[in-house]
Amino acid sequence: MDATVENNVNPVRRSKEDKKVIRKQLKASHTLLKHEGISTARQPTKSLVVANGGLGNGVSREELSAALKQMGEVDKLIMHPNKPYAFVTYRSEESARKAHINLNGEKLQCGENSVTLYLSYVDSVTCEEEASVPLPEGLVLVEDFVCSEEEALLLAAIDWSSTNTDVTAQKALKHRRVKHYGFEFRYDNNNVDKDKPLPAGIPQECLPVLERCVKNQHIDIMPDQLTVNQYESGQGIPPHVDTHSAFEDTIMSLSLGAKTVMEFRHPDGRLVAVVLPERSLLVMKGESRFLWTHGITPRKFDMVPACDPQSFGDTTPDLRTSSNLTLSKRGTRTSLTFRKIRHEPCRCAFPSACDSQGAPPAPSPPPPPSLPCCHADAALLEEQYVHRVYDAIASHFSSTRHSPWPRVCHFLSSLPPGSVLADVGCGNGKYLGVNPELSAVGCDRSSALVQICAERGFQAFVSDALSVPLRAASCDACISIAVIHHFSTQERRLAAVQELVRLLKPGGRALIYVWAFEQEYNKQRSKYLKDQNKELPENHNPAENSPEESQEPQGKSSVHNSSHSEDNYRTVDNNQHVTDGKLSVHTNRTAFETKDLLVPWHLKDGKKRVEGDSGEGGKKDKQKEKSKKTSRSKATLDCNPATSPGLDSNMFSDSSLDTIAATHSSKPSPCCDTSQTCSSAVKSESEIIPAPVFHRYYHVFQQGELEQLCAQQAGVTVQSSYHDQGNWCVILEKALNR
């Protein structure tokens, strides 16, 4: 055990509960060192790292600060964006000792959720100076543009109860509800019908505000079109550029009811996040209106400056590197967007983005694939929507797969020492080392995952689960965890079972797990469904909910270059059954309504372009960076924010930090929707390649279906079957006379 970590533990606490806390504290310290390069100190100091106390765990600055201040006077508290830890420095070493003793293993209530804190001493804490970034050219934010009385008057003027949709073209869209005044913006063609004005013009209550806009020279002509969007907590709008040919240059948006964070992205990758306080006016002109996309990520919490920043002029705080952030829970926000209808073609200075000047329309998303009709179709579907996907997401996928499932571990532990085990579809090999007394070998169709197994010291090779290059009757046991549901026909699923049986010796056993159609069983919802309603910040996506669970898309929006394209690219709703043989795209963390479907996988970071990354220069840079990271002796706050997609809000575990350390592949494939990207914080804004959203094919099994499949194989018996956290599972035994 690392002496640094050992000396970080209070030797006096030796009750059963205290030993449990110490074990988890040690694990947290090792994880911080392994993945963040944070070394804990040998002796008590004034500074501590607070594992599980980060913004990435849904902990606000106010909640953590209140707990820490009970132990003594806090000198500084550093909370880095998206990280599952924080740093605190006390005025005295005695206060730090008190916090280390009293807060280790203590639960901190954060709204409806709680986290368990684990504290370790660090020698020092450093952070770069708070930075700001320039606003997009032509963008102006005016805070407190209307008073609270005007705000109430404007909100009351918007009558959402009206059933006469012809007057205001009221609509309920996927992520918000909307009203139009003056002219209707049509989401089917991203334009307005300029010859058909609506009966309802801009409400009279808005006129004093607009007259003030003219007087203050925010606009030089009165708008004639108003779009009202209402966003509930957790809703947003994908990044878009308002159609050039539809509206004149200046666009103004008034935020009422609640604050939010709007993200502006330049085509070269630059990203600027701007906090829009309630009652503020956002004015977009020139480049910010015509070239930069703007959008709101759907999430329930935003990371915002802990103190309301004063006027920054043409700059704004950099929310990706600031250490003075907190969480702001979103409320219901109503935006009033005022525009002037354009009657002549646009002649802006940005022809590459201008539809009037021949800019190509945004690419349409690829049509969903069809269910296979023959063996060749099935093999092609699986190649595109399974094999290529796992090769592309292997590193990110592996970073979310750490904790072996207890009942799988029980099966492996029950095998006699010296037994030969084959893990068919071993993934990153997390089950290969569970029982060291076994002779275990794994295989997987993904060469990238097999490489990860090799790096971890496991024996694994590339193989299709339908044709494993091992001798018949050579294995005492086989496991197939989250594999067979990726085969797209009944015949191929049966063939996968038959291959497992072929490998078994007479009397050998096989354990099979597949994703269950019934995510609610015996009146108990699986953890996969339970996590759907957690009010957590953008990047807090619980991992390890099931062997098959996909990344929760909460907090990530689809990025399209066409304006308002949220309503053009329509994900098939989960309650819609397969029609015309087409597969639907599943909405993560929701119940299944169809058995054959595509499940999205959202990469959390873009893959950065590195000059010469395939040559010696790239290798040296990577080695140098790795050396710098692992040799870091001080707890330096990493001011290169990375997302933390798989955080456990109740326990600081390897999965919390491993996901941060993962390098994400973005290899394109036919099953990858390259028109969708995730907003992500990056070290160099101009070097990011937007990360795509991949879709994986699944056949989810209904109750009894797996047993029926196995019953078709002669010479085996089903020893037991059960439902385990949203999965159907069976244990097979091969007959002795086979």
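A crossover is termed right-handed if, with the strands pointing away from the viewer, the path from the first strand over the helix to the second runs clockwise. Helices (H or I, at least four residues) and strands (E, at least two) are DSSP runs, numbered from the N terminus.

The structure is a predicted model, in which local features need pLDDT of at least 70, side-chain atom pairs count only at pLDDT 80 or more, and totals for chains, interfaces and linings use all residues. Residues are numbered from 1 along each chain as its sequence is written, and side-chain values use heavy atoms, with hydrogens and water left out.

**View 1. The β-α-β unit of S26, H11 and S27.** Strand S26, helix H11 (residues 447-455) and strand S27 make a right-handed β-α-β unit. S26 and S27 (residues 460-462) pair in the parallel sense over 3 bridges, where two strands count as paired if DSSP finds at least two bridges between them. Cysteine 443 has phenylalanine 461 in S27 as its bridge partner.

**View 2. The pairing of S25 with S26.** Strand S25 (residues 420-424) runs parallel to strand S26 (residues 439-444), and 5 bridges join the two. Opposite valine 420 stands serine 439 in S26.

**View 3. The open antiparallel sheet.** The order S15-S20-S17-S18 describes an open sheet of 4 strands with antiparallel pairing. Strands S15 (237-240) and S18 (271-276) stand at the edges with a single partner strand each, so one side of each is left without a neighbour in the sheet. From one strand to the next, the twist averages 20°, with axes fitted as lines to C-alpha atoms and angles running from 0 to 180 degrees between N-to-C directions.

**View 4. The pairing of S17 with S20.** Strands S17 (residues 260-265) and S20 (residues 293-296) run antiparallel and are joined by 3 bridges. The bridge partner of arginine 265 is threonine 293 in S20.
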